[in-house]
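Dear colleague,

Please find below the structure that I am handing over to you.

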Amino acid sequence: MKFRTIEWKGDRVRILDQRSLPQKVHYLDCRDTFSVAHAIRNMAIRGAPAIGVAAAMGIALAAKKTLTTRPETYRKHLEKVCHEMRQTRPTAVNLFWAVDRMKRILDQIHVYGIEKTKAKLVKEALRIYKEDVEINKKIGEVGKRLINNGDGVLTHCNAGALATAGYGTALGVLYAAWAEGKRFHVYVDETRPMLQGARLTAWELRQAKIPVTVLTDSMSGWLMKQGRIDLVMVGADRIARNGDTANKIGTYSLAVLANHHHIPFYVAAPTSTLDLELASGEEIPIEERAEEEVSHIGGRRIAPKGINIFNPAFDVTPYHFINGIITEKGIFRKPFEKVLKVVKVQ
């Protein structure tokens, strides 16, 4: 990719501010944990895998900059940082997965001491970053066989390099297929209210020179009826044990439409997105965001003042609408509960 979603700079975390795209490529230099948490909460960086990487780097930044000679004081402060990171976005399970990996190292501080713990926390954050890129490429290699020459592929929100440490999940599959020589056309839902499809996915695909058409969220069904969509490919923020999948609001509607038109519907995600503690999607917490995201576009009000607004950031697609879940360990198919429970999640 010609851009970096997130980078570790030693004394700061550099984040590509996705709120500015596609008009401007602008980077944020986050020099403390608060700035990283703020960037996650306000969607300067978004996408489940990218959020996990950012949280780990934010904790590593705090680890480096916390000055005390008392291990217990150090541990308590870093535990508070971990807690604050957990509060930034409630739905994306990769966030909690990454924080837990960092906390397991912190819990060994009385064995390693402060300085060695600092080094180990930074090393772990960088490992999470590197693993994410490698895993995304494996997802692409696993899933590319689903793409055929001449296909019309529909995607929703952004599940590309911008949503990860690099390369992407759902878009990673498309990148791998394109690199293999397959030629197809991608249709991108604009993805209201934050327009991640129109702003981010279209921008990414244009960078990669993959043919792309943007449509409003309500147009997908008509394109399916016309026979222009052969496959739906989306990412995920959390997948329950039975295969129910939380993703950006509007994904459920696509799954229903795809099912009606007998179009394969696939989810691409790393195994770190699996939450095997949850039996079904009914237990997945759904983040509700500010009304202004719906009432305003580009800072300009489009809805009447005082009107009631509902703004869930995600919805849950029931497992029976999903043809397969593409991971770095293979493509899982129904019955998901039987196959997902044997997947070893780090």
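In what follows, a helix is a DSSP run of H or I of at least four residues, a strand is a DSSP run of E of at least two, and the numbering of these elements starts from the N terminus. Please bear in mind that this is a predicted model.

I begin with α7, which spans residues 170–179. This helix is largely enclosed by the rest of the structure, because nine of its 10 residues are buried. The buried residues are A170, L171, G172, V173, L174, Y175, A176, A177 and W178. After α7 comes G181, which has a positive phi near 110 degrees.

Helix α6 covers residues 114–143. The axes of α6 and α7 lie 7 Å apart, and the two helices pack at an angle of about 60 degrees. Their crossing is right-handed. On the α6 side the contact involves I139, G140, E141 and G143, which meet G172, V173 and A176 of α7. By type, the residues of this contact comprise three nonpolar, three polar and one charged.

Is N136 buried or exposed? Its relative accessible area is 0%, so N136 counts as buried. Apart from neighbours within four places in sequence, N136 touches T164, G166, Y167, G168 and T169.

Although Y167 is not a glycine, its phi is positive, at about 85 degrees. Y167 has a relative accessible area of 18% and is therefore buried, the cut-off being under 20%.

C157 is likewise placed in the loop between β4 (152–155) and α7. C157 is another residue other than glycine with a positive phi, in this case near 60 degrees. With a relative accessible area of 6%, C157 is buried. For context, most residues other than glycine have a negative phi, and most peptide bonds are trans.

**Cis peptide bonds**

Where are the cis peptide bonds that I noted? One joins L21 and P22, with omega about 5 degrees. P22 is part of the loop between β2 (13–16) and β3 (27–30). Another runs from R192 to P193, where omega is near 5 degrees. P193 falls in the loop between β5 (185–189) and α8 (196–207).

**Helices α2 and α4**

Helix α2 (residues 48–65) and helix α4 (residues 93–106) cross at roughly 30 degrees, and their axes come within 7 Å. The angle is under 35 degrees, so α2 is roughly parallel to α4. The crossing is right-handed.

From α2, the contact draws on A48, P49, I51, G52, A55, A56, I59 and A60, while α4 contributes N94, L95, A98, V99 and M102. These residues divide into 11 nonpolar and two polar, with no charged residue among them.

Helix α2 has 18 residues and extends 26 Å from its first C-alpha to its last, close to the 26 Å expected at 1.5 Å a residue. It is mostly covered, with 16 of the 18 residues buried.

On the α4 side, A98 deserves a separate entry. A98 is buried, its relative accessible area being 0%. Leaving aside neighbours within four places in sequence, A98 is in contact with G52, A56 and I128. Of these, G52 and A56 belong to the α2 side of the helix contact described above. The C-alpha atoms of A98 and A125 are separated by 8.4 Å, and the two residues are 27 apart along the chain.

**R12**

Lastly, R12 is located in the loop between β1 (6–8) and β2. Is this arginine buried or exposed? R12 has a relative accessible area of 17% and so counts as buried, given the cut-off of under 20%. Which residues does R12 contact, once neighbours within four places in sequence are set aside? They are E7, D29, C30, R31 and L61. Between the C-alpha atoms of R12 and V142, which are 130 residues apart along the chain, the separation is 35 Å.

With kind regards

Conventions:
Residues are numbered from 1 along each chain as its sequence is written. This is a predicted model: local features need pLDDT of at least 70, side-chain atom pairs count only at pLDDT 80 or more; totals for chains, interfaces and linings use all residues. Side-chain values use heavy atoms; hydrogens and water are left out. Axes are lines fitted to C-alpha atoms, for helices over the stretch in contact, and angles run from 0 to 180 degrees between N-to-C directions. Angles under 35 degrees count as roughly parallel, over 145 as roughly antiparallel, 65 to 115 as roughly perpendicular and the rest as oblique. A crossing is left-handed if the near helix is turned anticlockwise from the far one by less than a right angle, and right-handed if clockwise. Contact means heavy atoms within 4.5 Å. Ala, Val, Leu, Ile, Met, Phe, Trp, Tyr, Cys and Pro count as nonpolar, Asp, Glu, Lys and Arg as charged, and the others, Gly among them, as polar. The expected span of a helix is 1.5 Å times one less than its number of residues. Buried means under 20% relative accessible area, exposed over 50%, partly exposed in between (1.4 Å probe, protein chains only).
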